[in-house]
Amino acid sequence: MIGDLLAILLLCFCCFIFWQQRRQSELAKAAVARKCKQLDLQLLSVAFSGHKFKMRYELTHVWKWHTVYQFEFSSLGDDCYKGELIMVGFRPMHFELQPHRM
């Protein structure tokens, strides 16, 4: 009886984590698309890269989960560059783009 209840709770927790990861991925893709549009770049692809557990700033001593997304973009249509987005929770925190032609 208790084992069944724990199994159901574990399944619910796993589904919740999966749903939150999908939501974060959609928000990351939208943030990357906005950034590319703002910089007049063509977005080619967005992919999940991994999780990191680290301090956001050295002074605050607060550890948080950082999720890293990598993306590819084009500036002139015939080239391909890489970029990276770091998200904390559902907020985009840091964009890093390779130097590219204008």
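From the N terminus on, the elements of the protein chain follow the order α-β-β-β-β, with 1 helix and 4 strands in the chain; helices (H or I, at least four residues) and strands (E, at least two) are DSSP runs, numbered from the N terminus. The model is predicted, so that local features need pLDDT of at least 70 and side-chain atom pairs count only at pLDDT 80 or more, while totals for chains, interfaces and linings use all residues. Residues are numbered from 1 along each chain as its sequence is written, and side-chain values use heavy atoms, with hydrogens and water left out.

The C-alpha trace of the protein chain spans about 65 × 35 × 15 Å along its principal axes. The radius of gyration of the chain is 18 Å, whereas a compact globule of 102 residues would have a value near 13 Å; this radius is taken over C-alpha atoms, and the globule rule is 2.2 Å times the number of residues to the power 0.38. The accessible surface comes to about 7600 Å², of which 63% belongs to carbon and sulfur atoms (Shrake-Rupley method with a 1.4 Å probe; for residues, only the protein chains shown count as cover). Of the 102 residues, 25% are buried, where buried means under 20% relative accessible area, exposed over 50%, and partly exposed in between (1.4 Å probe, protein chains only). Among contacts with a separation of 6 or more, 41% join residues 24 or more positions apart, contact being defined as heavy atoms within 4.5 Å.

Helix α1 (residues 2–38) comprises 37 residues and reaches 54 Å from its first C-alpha to its last, close to the 54 Å expected at 1.5 Å a residue; the expected span is 1.5 Å times one less than the number of residues. Buried positions in α1 are Gln-20, Gln-24, Ser-25, Ala-28, Ala-31, Val-32 and Cys-36. An α-helix has 3.6 residues a turn, so residues three or four places apart point the same way. Following α1, Asp-40 has a positive phi, near 60°.

Strand β2 (residues 63–74) contains Val-68 and pairs with β3 in the antiparallel sense over 8 bridges; pairing requires that DSSP find at least two bridges between two strands. Within this pair, Glu-72 stands opposite Lys-82 in β3. The two strands form a hairpin with 6 residues between them, and Gly-77 in the turn has a positive phi of about 100°. Strand β3 also pairs with strand β4 (residues 91–97), in the antiparallel sense over 6 bridges, and Gly-83 stands opposite Leu-97 in β4. The hairpin formed by β3 and β4 has 2 residues between the strands, with Gly-89 in the turn at a positive phi of about 70°. Because 6 of the 8 residues of β3 (residues 81–88) are buried, this strand is largely enclosed by the rest of the structure.

The largest nonpolar core has 11 residues, including Val-32, Cys-36, Phe-71, Leu-85 and Met-87; such a core is a set of buried Ala, Val, Leu, Ile, Met, Phe, Trp, Tyr and Cys residues joined through side-chain atoms within 4.5 Å. Two or more residues of this core are given by each of α1, β2 and β3, and the largest share, 4 residues, comes from α1. Leaving aside neighbours within four places in sequence, Val-32 is in contact with Leu-43, Val-46, Phe-71, Leu-85 and Phe-95.

Val-68 is buried, with a relative accessible area of 4%. Beyond neighbours within four places in sequence, the contacts of Val-68 include Phe-48, Lys-52, Glu-84 and Leu-85.
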